[in-house]
Amino acid sequence: MKRMTSTLALITLAASSAAFAADFSALDVDGNGAISIEEAAADKAIAEQFEELDTDGNGELSQAEFEKAE
């Protein structure tokens, strides 16, 4: 039973990570590996946190910065 629980936890974690990566890709409309403020506008929560998440202040969210929102 313990092995089954561990396996289910890993599957859930993998599915969450995959879905999150898809969200980044979906917002990165131009495919340049970053989310601009214009692209972020498609997600209200990300748009509202954009300035906080843009820790290097370059006006774009890298995938690492984006992942901090989750």
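Helices (H or I, at least four residues) and strands (E, at least two) are DSSP runs, numbered from the N terminus. This is a predicted model: local features need pLDDT of at least 70, side-chain atom pairs count only at pLDDT 80 or more, and totals for chains, interfaces and linings use all residues. Residues are numbered from 1 along each chain as its sequence is written, and side-chain values use heavy atoms, with hydrogens and water left out.

**Exercise 1. Find which element has the lowest mean pLDDT and which the highest.**

Step 1. pLDDT is the predictor's confidence in each residue, from 0 to 100.

Step 2. Take the whole chain. Its mean pLDDT is 78, and 69% of its residues reach 70 or more.

Step 3. Go element by element. Helix α1 has the lowest mean, 52. Strand β2 (residues 60–61) has the highest, 98.

Step 4. Look at residues 4–21. Their pLDDT is below 50, and beyond near neighbours in sequence this stretch has four contacts in the model (contact: heavy atoms within 4.5 Å).

Step 5. Apply the caution. Where pLDDT is low, the predicted coordinates should not be read in detail.

**Exercise 2. List the residues of the largest nonpolar core and say which element supplies the largest share.**

Step 1. Set the cut-offs. Buried means under 20% relative accessible area, exposed over 50%, partly exposed in between (1.4 Å probe, protein chains only). A nonpolar core is a set of buried Ala, Val, Leu, Ile, Met, Phe, Trp, Tyr and Cys residues joined through side-chain atoms within 4.5 Å.

Step 2. Name the members. The nine residues are Phe24, Leu27, Ile35, Ala40, Ile46, Phe50, Leu53, Leu61 and Phe66.

Step 3. Assign them to elements. α1 (2–27) and α3 (44–53) each supply at least two. The largest share, three residues, comes from α3.

Step 4. Check one member's surroundings. Beyond four places in sequence, leucine 27 is in contact with Ile35, Glu39, Ala42, Asp43, Ile46 and Phe66.

Step 5. Buried residues make up 23% of the 70 residues in the protein chain.

**Exercise 3. Classify the aromatic pair and locate its two rings.**

Step 1. State the rule. Rings of Phe, Tyr and Trp (its six-membered ring) pair if their centres lie within 6.5 Å; planes under 30 degrees apart count as stacked, over 60 as edge-to-face and the rest as tilted.

Step 2. Search. The whole structure holds one aromatic pair.

Step 3. Classify. The ring centres of phenylalanine 24 and phenylalanine 66 are 5.4 Å apart and the planes stand at 65°, so the pair is edge-to-face.

Step 4. Locate. Phenylalanine 24 is in helix α1 and phenylalanine 66 in helix α4 (residues 63–67), so the pair ties together parts 42 residues apart in sequence.

Step 5. Phenylalanine 24 has 4% relative accessibility and counts as buried. Phenylalanine 66, at 3%, also counts as buried.

**Exercise 4. Describe where serine 62 and glycine 33 lie, and whether each is buried, partly exposed or exposed.**

Step 1. Serine 62 is in the loop between β2 and α4. Glycine 33 is in the loop between α1 and β1 (35–36).

Step 2. Read the relative accessible areas. Serine 62 has 29% and is partly exposed. Glycine 33 has 40% and is partly exposed.

Step 3. List contacts beyond four places in sequence. Serine 62 touches Phe24 and Gly33. Glycine 33 touches Phe24, Asp28, Leu61, Ser62 and Gln63.
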